[in-house]
Amino acid sequence: MPFPVIAPIRTARLLIRPIVASDLADLMAVNGDPHTTRYLPYAHWQSLDDAAAWLKRMDALAAAGTAQQYVLERASDTKVVGTMLLFKFDEGSARVELGYVLGHSHWRQGLMREAIQAMCVHTFAAGVRRIEAEVNPLNEASCALLSQIGFVYEGTLRRRWVTKGVAHDTRVFGLLADDDVTPTLPA
Ligand SMILES: CC(C)(COP(=O)(O)OP(=O)(O)OC[C@H]1O[C@@H](n2cnc3c(N)ncnc32)[C@H](O)[C@@H]1OP(=O)(O)O)[C@@H](O)C(=O)NCCC(=O)NCCS
């Protein structure tokens with residue numbers, strides 16, 4: 001199967017849609033915060049030039065057919081409050097990796113759980129068999145979030161990533177389309 005085409009998704013509080021260049025201004029508040037990017041592989045953005053360089057990298061991945069960058073747009077006022085990435089798509093195995101970031105001022109309101117659950121439902125519906133995520137063990141919020149949704153912790157890869165000059169272990173989480181806990185959308 002080619003890269004799964006996911007049409008824009010509406011949840012109770014969000015519109016999840018492919019990124020466009022005009023989203024970068026809102027995203028400065030998300031990726032411009034070093035607290036938010038602490039466990040991410042890239043440094044926080046210091047300018048719109050950094051943002052544009054990041055988007056260029058995302059566009060290149062999309063052009064290669066292995067990734068799609070989405071944004072989380074708040075339904076109440078259309079402000080973009082976060083991002084979600086499907087990447088490292090493996091066609092033969094119908095497998096894709098998930099990445100996600102939410103602006104600090106929006107944490108702990110259940111927004112990312114809402115977004116990931118919806119994205120998983122639609123990604124599986126598009127034919128993907130397995131969704132996985134790699135998380136720094138120090139990132140307690142992300143590990144707890146995935147576990148709450150039903151992702152299974154499958155093991156730790158030792159010092160897999162060098163980010164910001166430091167080698168980190170990586171926890172691998174996986175969710176299968178036929179896992180009993182696979183999320184469903186609210187009626
Ligand atoms: C990880 C992140 C996406 C969580 O988003 P969020 O919208 O705040 O998470 P939610 O409110 O949906 O939380 C759902 C569940 O995750 C767990 N959780 C979320 N944040 C947590 C925290 N700081 N500590 C412990 N558990 C946490 C809880 O179980 C929570 O359920 P509860 O609130 O009912 O207890 C957000 O903290 C973030 O963007 N961090 C920076 C970027 C990042 O690390 N991305 C992931 C890279 S792998």
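This is a predicted model: local features need pLDDT of at least 70, side-chain atom pairs count only at pLDDT 80 or more; totals for chains, interfaces and linings use all residues.
Let me start with Lys-88, which is partly exposed at a relative accessible area of 38%, where buried means under 20% relative accessible area, exposed means over 50%, and partly exposed lies in between, using a 1.4 Å probe and protein chains only. Lys-88 is found in strand β4, and its phi is near 50°, a positive value in a residue other than glycine. As background, most residues other than glycine have a negative phi.

Residues are numbered from 1 along each chain as its sequence is written, and side-chain values use heavy atoms, with hydrogens and water left out.

Ala-94 also has a phi near 50°, again a positive value in a residue other than glycine. Ala-94 sits in the loop between β4 and β5, and with a relative accessible area of 12% it is buried.

Now to the overall picture. The protein chain has four helices and eight strands, where helices (H or I, at least four residues) and strands (E, at least two) are DSSP runs numbered from the N terminus. Read from the N terminus on, the elements run β-β-α-α-β-β-β-α-β-α-β-β. The radius of gyration is 16 Å, close to the 16 Å that the globule rule gives for 187 residues, so the chain is as compact as a globular protein of that length; this radius is taken over C-alpha atoms, and the rule is 2.2 Å times the number of residues to the power 0.38. Along the principal axes, the C-alpha atoms fill a box of roughly 45 × 40 × 35 Å, and of the 187 residues, 46% count as buried.

β2 and β3 pair in the antiparallel sense over five bridges, and Leu-15 stands opposite Glu-73 in β3.

Strand β4 (residues 80-90) pairs with β5 in the antiparallel sense over seven bridges, and Thr-83 has Val-101 as its bridge partner in β5. With strand β6 (residues 130-135), β5 pairs in the parallel sense over three bridges, and Glu-97 stands opposite Glu-132 in β6. From β5 the chain crosses through helix α3 (residues 111-125) to β6, and this β-α-β crossover is right-handed, which is to say that, with the strands pointing away from the viewer, the path from the first strand over the helix to the second runs clockwise.

Next, the nonpolar cores, each being a set of buried Ala, Val, Leu, Ile, Met, Phe, Trp, Tyr and Cys residues joined through side-chain atoms within 4.5 Å. Which members of the largest core touch the most other members? Of its 34 residues, they are Met-84, Ile-116 and Phe-151. The elements giving two or more residues to this core include β4, β5, α3 and β6, and α3 gives the most, with eight residues. Leaving aside neighbours within four places in sequence, Met-84 is in contact (heavy atoms within 4.5 Å) with residues including Leu-72, Leu-98, Met-112, Ile-116 and Met-119. A second, separate core of 17 residues includes Leu-27, Tyr-42, Trp-54 and Val-101.

Finally, the cysteines. Cys-120 counts as buried at 1% relative accessibility, and Cys-143 is buried with a relative accessible area of 7%.

How values were computed: Two strands pair if DSSP finds at least two bridges between them.
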